[in-house]
Amino acid sequence: MGHLDHAALGWLTPALSYVMACIGAALGLRCTVRALATTGRSRRNWLVTAASAIGTGIWTMHFVAMLGFGVAGTDIRYDVPLTLLSLLVAMVVVCAGVFAVGYGRDRGRALLVGGLTTGLGVASMHYLGMAAVRLHGDVTYDPLLVGLSVLIAVVAATAALWAALNIKSPVAVTIASLIMGAAVSSMHYTGMFAVGVRVTPSAVALPGATAMQFIFPLAVGLGSYLFLTSAFVALSPTAGERAASASAQRPVQSAAP
């Protein structure tokens, strides 16, 4: 069995991946809170933004952590189409879960359906991303740890959606985001500890792109999207602020001749 290193770059990749997970969770929760305070097209737009933020944050967390993944005795490459498909899966499934909560009439049932859907989607993204790994050897998985990672993903997703429905204050959202980041990171590393590799030395060039050729630029781009969207959400007035502004303008308009 080849020796697996999950932090080949030291604590940089685990710490940075945790930060990205927290940013995605925080942005997604804030957008969901905004969505639940609105109706119509505005609610839909906020929910789409929430789903893209959570999906992007989780995907970026996974592949930033993968920048530190190494196996002794073999190079590692990534299948580009499969890697992009894992990003699409993260976006679509998280969107389905968020919309289930945003439009569900029965909050309890919507929470269970949304949490299960989103959690399974997060797990699917993780293992689809692992299927994109190309190396000289065979990859095996510990079924018990795989099952545990899926359970963590479902519980973490359900907790995140519950927080979106019940937590309103920025401080509470921040705390929930830190917990969510830890949960998502735990799911990732639990899934990674389930991996075993039997290396078969070979001089044949591996297909696909290296992490620095493909994963790093894409992760930087998505990370920039998260930061810019965070700034947009922070600067956008809340429903309460818009209502206060409208009520403040009414006396002025009614007093006008």
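Which residues does Val195 touch, not counting residues up to four places away in sequence? In this predicted model, the residues touched by Val195 are Leu4, Met130, Val139, Thr140 and Tyr141, where contact denotes heavy atoms within 4.5 Å. Val195 belongs to strand S6, which spans residues 195-199; helices (H or I, at least four residues) and strands (E, at least two) are DSSP runs, numbered from the N terminus. With a relative accessible area of 10%, Val195 is buried, the classes being buried at under 20% relative accessible area, exposed at over 50% and partly exposed in between (1.4 Å probe, protein chains only).

Because the model is predicted, local features need pLDDT of at least 70 and side-chain atom pairs count only at pLDDT 80 or more, whereas totals for chains, interfaces and linings use all residues. Residues are numbered from 1 along each chain as its sequence is written, and side-chain values use heavy atoms, with hydrogens and water left out.The protein chain comprises eight helices and six strands, and its elements run β-α-α-β-β-α-α-β-β-α-α-β-α-α from the N terminus on. Of the 257 residues in the protein chain, 48% are buried. Among contacts with a separation of 6 or more, 88% join residues 24 or more positions apart. The feature "transmembrane region" is placed by UniProt, in an unreviewed entry, at residues 15-33, 45-72, 84-103, 110-132, 144-165, 172-194 and 214-235; such annotations may be inferred rather than shown by experiment. In the model, residues 15-33 are 100% helix and 0% strand, with end C-alpha atoms 27 Å apart. Residues 84-103 are likewise 100% helix and 0% strand, and their end C-alpha atoms are 28 Å apart.

The largest nonpolar core contains 56 residues, of which Met66, Tyr78 and Val98 touch the most other members. A nonpolar core is a set of buried Ala, Val, Leu, Ile, Met, Phe, Trp, Tyr and Cys residues joined through side-chain atoms within 4.5 Å. Helix H2 gives the most to this core, with eleven residues. Beyond its neighbours within four places in sequence, Met66 is in contact with Tyr78, Met130, Val133, His188 and Met192. A second, separate core of six residues includes Ala163, Ala164, Ile167 and Ala176.

Thr83 is located in helix H3 (residues 80-103) and counts as buried, at 0% relative accessibility. Residues up to four places away in sequence aside, Thr83 touches Trp59, Phe63, Tyr78, Ala132, Phe214 and Ile215. Arg107, in helix H4, is partly exposed, with a relative accessible area of 42%. The C-alpha atoms of Arg107 and Trp162, 55 residues apart along the chain, are separated by 9.4 Å.

One cavity of 30 Å³ or more was counted. A cavity is a set of points, on a 1 Å grid over the protein atoms alone, where a 1.4 Å probe fits but cannot get out, and lining residues have an atom within 4 Å of a point. The largest cavity has a volume of about 180 Å³, a volume being the space filled by probe spheres set on the points, which are joined across faces, edges and corners. Its lining consists of 18 residues, with Ile54, Ile58, Ala160, Met180 and Val184 nearest the centre of the cavity. Helices H1 (12-36), H2 (40-66), H4 (107-131), H5 (143-166) and H6 (170-193) each supply at least two residues of this lining. By class, the lining divides into 15 nonpolar, three polar and no charged residues; Ala, Val, Leu, Ile, Met, Phe, Trp, Tyr, Cys and Pro count as nonpolar, Asp, Glu, Lys and Arg as charged, and the others, Gly among them, as polar.

Terms used: 1 Å grid on protein atoms, 1.4 Å probe; cavity = no way out; pocket = protein on both sides within 12 Å on 5 of 7 lines; lining within 4 Å.
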